[in-house]
Amino acid sequence: ELLEVLTFDSVRRRMSVIVKSTTGEIYLFCKGADSSIFPRVIEGKVDQVRSRVERNAVEGLRTLCVAYKRLEPEQYEDACRLLQSAKVALQDREKKLAEAYEQIEKDLVLLGATAVEDRLQEKAADTIEALQKAGIKVWVLTGDKMETASATCYACKLFRRSTQLLELTTKKLEEQSLHDVLFDLSKTVLRCSGSMTRDSFSGLSTDMHDYGLIIDGAALSLIMKPREDGSSSGNYRELFLEICRNCSAVLCCRMAPLQKAQIVKLIKFSKEHPITLAIGDGANDVSMILEAHVGIGVIGKEGRQAARNSDYAIPKFKHLKKMLLVHGHFYYIRISELVQYFFYKNVCFIFPQFLYQFFCGFSQQTLYDTAYLTLYNISFTSLPILLYSLMEQHVGIDVLKRDPTLYRDIAKNALLRWRVFIYWTFLGVFDALVFFFGAYFIFENTTVTINGQMFGNWTFGTLVFTVMVLTVTLKLALDTHYWTWINHFVIWGSLLFYIAFSLLWGGVIWPFLSYQRMYYVFISMLSSGPAWLGIILLVTVGLLPDVLKKVLCRQLWPTATERTQARNKCLSVEQPTVFMLSQTASSLSF
């Protein structure tokens, strides 16, 4: 008969039940981690069970110790009173319950230990290896024993046979002080990294010595504990982070859920401000999932608490590889182009209007017609970038999954840095100057129509606007690598829509308008040979810097992604020939 349940918590790392047998005897059975059971045991084969537990842990098995004690009726009544008074306490209820559990769960008799195999999910090792190749630092935060966690890290390829393991554990702190251990570890990792260029928290250095750090919960508590006088000199967090930066992988074992969140917070607010991602499958992972920038929950046998509290939920750990290295890569490429392109095309749009004020006596006269002002961002240039940001694949999905190192090209926010932003700004200002002054100087004091008339104000503005729409749309076409019929339809359809709208807008006298200033303007411009020549010339000059930059960078300083693109193009060109040869060979054999 079940009488009481002393619930599990991550601090005690054990739980107990009080039961009554059919003969009327009362027993307390306690199960938990070996570190929490052994100190409370007074009888049993402790040494034998301890050696068996350590051997099982080295083999990667999850171990659990079980103990019991017989309660006399008086002891049971005392335990009930303790529990009842703690349960009804209005203040510090959890603290009082913990104290009651501590008094009840003592003087135990060791029964034995269990060991179960917690097998890795399929392709878990391949996923972690791919993440490391992509330049992502992988840390394991677990509540398991150090031996069990180490064996798991070797199994999932987080640690390799060449990895030199550094320990920052309670056993190590019993031999040396925390200060000495930290400084010894710091000297070890910095000795080999002094002459190497490291990229903090990203693991981008391929020639670095392979270190792995193991830290347990007790050591972490000492590191996170500030000095009593409040000074920062006794705070070893920065030194600890410096050691971690120079390690290829970090294993944190015997971690309580709040300690997992502390680790994530410590990294998140370090001076490099890296982007953190936490993934877990159980309720004890919720705190770190909530603390990280991106939280991912794995839906599995541990329940759905992690999935419910996460930003994204996946059924298997292996899906993290495609989620980050494919979808994450595509998303970043698309969103960076979307942001920069929107800024670029609006610089091209507004800057000629700004320059025009110097030539119209600051009269607030607009360069473009109001219809063009309204529809530029709504209709003429919106759909191409929208489709680009939804469908662009600068490299194939299979290539990104096969070569995780391509992820390094977008690391450290590479496409949204100031240098890239300044380039897009320069390109927008240059194109705006070409549009405005090109049209201004080409047609200044020149007869450009058949009857010898000069272009008027609205014809000049329409010419600038036409060159601008063509240039910004063709600029996006140059950046597009993944062409489908939808892209063709939207890009060339947007240009055709602009021409059709301009012909209709300027070819009809609209009765609901109080002015007809655009009547016959577009048709008159297109009937002029010099206008056609000017449009072609200005569009070419506007696109020339970007084309030259792309060609020079691809030839002189190609990124890994650009080399892969070039290699895939060569393979696609050679593929039909290979197919024909294989077809001929098969017919000959037949």
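Student: What share of the contacts between residues at least 6 apart in sequence join residues at least 24 apart?
Tutor: In this chain, 70% of them do. A contact here means heavy atoms within 4.5 Å. The model is predicted: local features need pLDDT of at least 70, side-chain atom pairs count only at pLDDT 80 or more, and totals for chains, interfaces and linings use all residues. Residues are numbered from 1 along each chain as its sequence is written, and side-chain values use heavy atoms, with hydrogens and water left out.

Student: How confident is the predictor, and what is the mean pLDDT of the chain?
Tutor: The mean pLDDT is 84, and 89% of the residues reach 70 or more. The scale, the predictor's confidence in each residue, runs from 0 to 100. Over residues 200-207 the pLDDT is below 50, yet this stretch has 25 contacts beyond near neighbours in sequence. Residues 575-590 are also below 50 in pLDDT, with zero such contacts in the model.

Student: How many helices and strands are there?
Tutor: The chain has 23 helices and 13 strands. Both are DSSP runs, numbered from the N terminus: helices are H or I with at least four residues, strands are E with at least two.

Student: Why is Arg161 called exposed?
Tutor: Its relative accessibility is 75%. The cut-offs are under 20% for buried, over 50% for exposed, and partly exposed in between (1.4 Å probe, protein chains only). So Arg161 counts as exposed. Arg161 sits in the loop between helix H6 (146-155) and strand E8 (164-168).

Student: What makes Lys412 and Asn413 worth a look?
Tutor: Take phi. Lys412 is near 60°, a positive value in a residue other than glycine. Asn413 is near 55°, again positive and not glycine. Lys412 lies in the loop between helix H17 (397-402) and helix H18 (418-442). Asn413 is in that loop between H17 and H18 too.

Student: Why is Lys412 given its accessibility class?
Tutor: Lys412 has 38% relative accessibility, so it counts as partly exposed. Asn413, at 39%, therefore counts as partly exposed.

Student: Which residues of H3 are buried?
Tutor: Tyr76, Ala79, Leu83 and Ala86. They cover an arc of only 95° around the axis, so they are on the same side of H3. The arc is that of the directions from the helix axis to the C-beta atoms. On the other side, Glu74 and Arg81 are exposed.

Student: What do the buried residues of H3 pack against?
Tutor: Strands E1 (2-9), E2 (14-20), E3 (26-32) and E5 (61-71), and helix H4 (93-104).

Student: Which residues are buried in H15?
Tutor: In H15 (residues 370-380), Ala371, Tyr372, Leu375, Tyr376 and Phe380 are buried. Their arc is only 130° around the axis, which puts them on the same side of H15. Their cover includes helices H14 (319-356) and H19 (457-479).

Student: What caps the N-terminal end of H15?
Tutor: Asp369 does. One of its side-chain oxygens lies 3.2 Å from the backbone nitrogen of Ala371.

Notes: A polar contact is a pair of N or O atoms within 3.5 Å; within protein, one must be able to donate a hydrogen and the other to accept it, and residues adjacent in sequence count only if both atoms are side-chain atoms.
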